[in-house]
Amino acid sequence: MATGSRLDELTVLADQAAACTRCPLAATRTQVVFGAGDPDAALMIVGEAPGRDEDRDGLPFVGRSGRLLDTLLADEVGIDRTQVYIANVIKCRPPDNRNPKAEEIAACRPYLDDQMALVAPTVVVTLGNFATKLLLATDLGITAVRGTTYPLGDTLVVPTFHPAAALRGSADVLAHMRDDFARVAQLIGRAA
Ligand code: URA
């Protein structure tokens with residue numbers, strides 16, 4: 001698909017999402033955080049949900065977790081966020097950053113499915129339990145499933161920890177994330 005039409009279709013979807021009232025988060029969000037980045041990216045990153053900073057700016061991963069994500073992309077893959085497409089499982093901030101509810105995830109899922117179909121990335125990195133469980137259709141936690149690459153249609157899924165877990169202070173978590181992103185570099189042909 002040509003870049004122009006991908007971009008156009010994502011823009012139409014983003015406009016629809018901006019007016020979305022499919023779940024009660026519509027009443028408490030400041031704005032919808034649809035996604036951002038390169039519509040032709042080989043790598044897509046899927047996080048959990050917007051936090052306070054993202055709800056304010058309308059962009060995914062602009063806070064502390066985002067800065068760690070930028071570091072991992074730069075150090076292990078040699079790219080920056082303009083070269084990937086970034087989205088979340090749910091597009092609106094849950095109040096007080098509580099976990100997304102099953103019905104919110106279900107209501108929002110069509111947007112993520114459409115984003116993945118349009119971007120058609122070679123690799124999707126799922127950050128943390130919510131994105132991983134959704135895309136791998138598993139009840140297993142991230143600790144059990146990470147370290148392996150999973151086929152999903154024409155895409156490869158690389159589950160890893162959420163950056164917030166590394167920011168909570170575990171050096172082990174960060175080391176595993178670095179390993180996972182180094183594998184991503186190989187999978188998209190950007191290994192050092
Ligand atoms: N955490 C997420 O999962 N997504 C964001 O966009 C920001 C923080």
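Which space is taken by the ligand? In this predicted model, the ligand takes the space of the largest pocket. The volume of that pocket is about 670 Å³.

The lining of the largest pocket comprises 26 residues. Nearest the pocket centre lie E48, A49, S65, H162 and A164. Four helices each supply at least two lining residues: α2 (52–57), α3 (64–77), α5 (128–136) and α7 (163–167). By residue class, the lining holds 10 nonpolar, nine polar and seven charged residues.

The shell around the ligand was examined next.

At A49, a polar backbone atom lies 3.1 Å from a nitrogen atom of the ligand. At F61, a polar backbone atom is 2.9 Å from a ligand oxygen atom. At H162, the side chain takes part: one of its N or O atoms is 2.8 Å from an oxygen atom of the ligand. How much of the ligand's area does the protein bury? Taken alone, the ligand exposes 230 Å², and the protein buries 92% of that.

How many cavities of 30 Å³ or more does the count give? The count comes to one. The largest cavity holds about 120 Å³ of space. Its lining is made up of 15 residues, and C20, C23, R29, C92 and C108 are the closest to the cavity centre. Helix α4 (residues 102–119) gives the most to this lining, with four residues. Which residue classes make up the lining of the largest cavity? The lining divides into 11 nonpolar and four charged residues, with no polar residue. Four of the central residues, C20, C23, C92 and C108, are cysteines, and cysteine counts as nonpolar. The remaining central residue, R29, is an arginine and counts as charged.

The two linings can be set side by side.

Methods: Residues are numbered from 1 along each chain as its sequence is written. This is a predicted model: local features need pLDDT of at least 70, side-chain atom pairs count only at pLDDT 80 or more; totals for chains, interfaces and linings use all residues. Side-chain values use heavy atoms; hydrogens and water are left out. On a 1 Å grid over the protein atoms alone, a cavity is a set of points where a 1.4 Å probe fits but cannot get out, and a pocket is an open set with protein on both sides within 12 Å along at least five of seven lines; lining residues have an atom within 4 Å of a point. Grid points are joined across faces, edges and corners, and a volume is the space filled by probe spheres set on the points. A polar contact is a pair of N or O atoms within 3.5 Å; within protein, one must be able to donate a hydrogen and the other to accept it, and residues adjacent in sequence count only if both atoms are side-chain atoms. Accessible areas come from the Shrake-Rupley method with a 1.4 Å probe; for residues, only the protein chains shown count as cover. A molecule sits in a cavity or pocket if more than half of its atoms lie within 2 Å of its grid points.
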